[in-house]
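Visitor: I would like to learn how to read a few features of a model. Please take them one at a time.

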Amino acid sequence: MEQLDHIPTTGPDEAQPLLAEDLLLLLFNPDDGTIGGEGTLFYVLAGAVLTELALNDQVAIEKAGMRGTLVLSVGETVPDDEILRDAWEYSDGKRREVQGMLASIGPQLRGQLLESLIFRGDLHREQGKTFGFIPKTTLSLGDTGRRAKLMSRVQAVLIDGAEPDARTAALAALLSASGSLPTLHRELPWETDVINRAKALEAGDWGLSLIHI
């Protein structure tokens, strides 16, 4: 497997996971080994990348009338992480329409982020065969406990109404934008209060009004 720049090379606890990694981990269903929202996953993962750049003050957002929303990289410091760097360089020196940018940077993200989660031990991957000859890949939850910690923070915000930090607010809003909250109903009850809090965060000032899935 090719080593990716955003995957730590010395140990699983020495690098801050990307917001998109956390989102993919939350969308993973430990009960059946599936990932929620596969049909539109690349949009929401790309949205998480843009959101992280916005939170880091590395992109600026402009409303451009009929052209919609535009993204432009700002600052002179190129992100160290490969995924963030690729997105930053894509809009460096040229304003990009958000939907086009999501479509450009999104398709490869699932594979890159999944490799990172497996490398960290947050997820496990097993290769097997169905009927003895059809290759089959199975994902299962690792023993790092990170998904449980992330979900606990999101539950505090969406269920209990706790005041979120920026990262947790962004995660909750991205989950809402993904359309996958109903698939997480065992952990995040599909109730009016939860839905309303998620929608309020989705519409809030997290750069997430960029995402129209």
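Visitor: How are α2 and α4 oriented to each other, roughly parallel or roughly perpendicular?

Guide: Angles under 35 degrees count as roughly parallel, over 145 as roughly antiparallel, 65 to 115 as roughly perpendicular and the rest as oblique. Axes are lines fitted to C-alpha atoms, for helices over the stretch in contact, and angles run from 0 to 180 degrees between N-to-C directions. Helices (H or I, at least four residues) and strands (E, at least two) are DSSP runs, numbered from the N terminus. In this predicted model, α2 (residues 41-55) and α4 (residues 98-105) pack at about 105°, their axes 8 Å apart; they are therefore roughly perpendicular.

Visitor: Which residues of α2 and α4 make the contact?

Guide: Contact means heavy atoms within 4.5 Å. From α2 come F42, Y43, A46, G47, V49 and L50, and from α4 come Q99, M101, L102, A103 and I105.

Visitor: What is the order of the strands in the open sheet?

Guide: Strands of a sheet pair through backbone hydrogen bonds, either parallel or antiparallel. Two strands pair here if DSSP finds at least two bridges between them. The order is β3-β4-β5, with antiparallel pairing. β3 and β5 (96-97) are at the edges with a single partner strand each, so one side of each lacks a neighbour in the sheet. β3 (residues 59-63) and β4 (residues 69-73) share five bridges, and I61 is opposite V71.

Visitor: What should I know about the numbering and the cut-offs?

Guide: Residues are numbered from 1 along each chain as its sequence is written. Local features need pLDDT of at least 70, side-chain atom pairs count only at pLDDT 80 or more, and totals for chains, interfaces and linings use all residues, while side-chain values use heavy atoms, with hydrogens and water left out.
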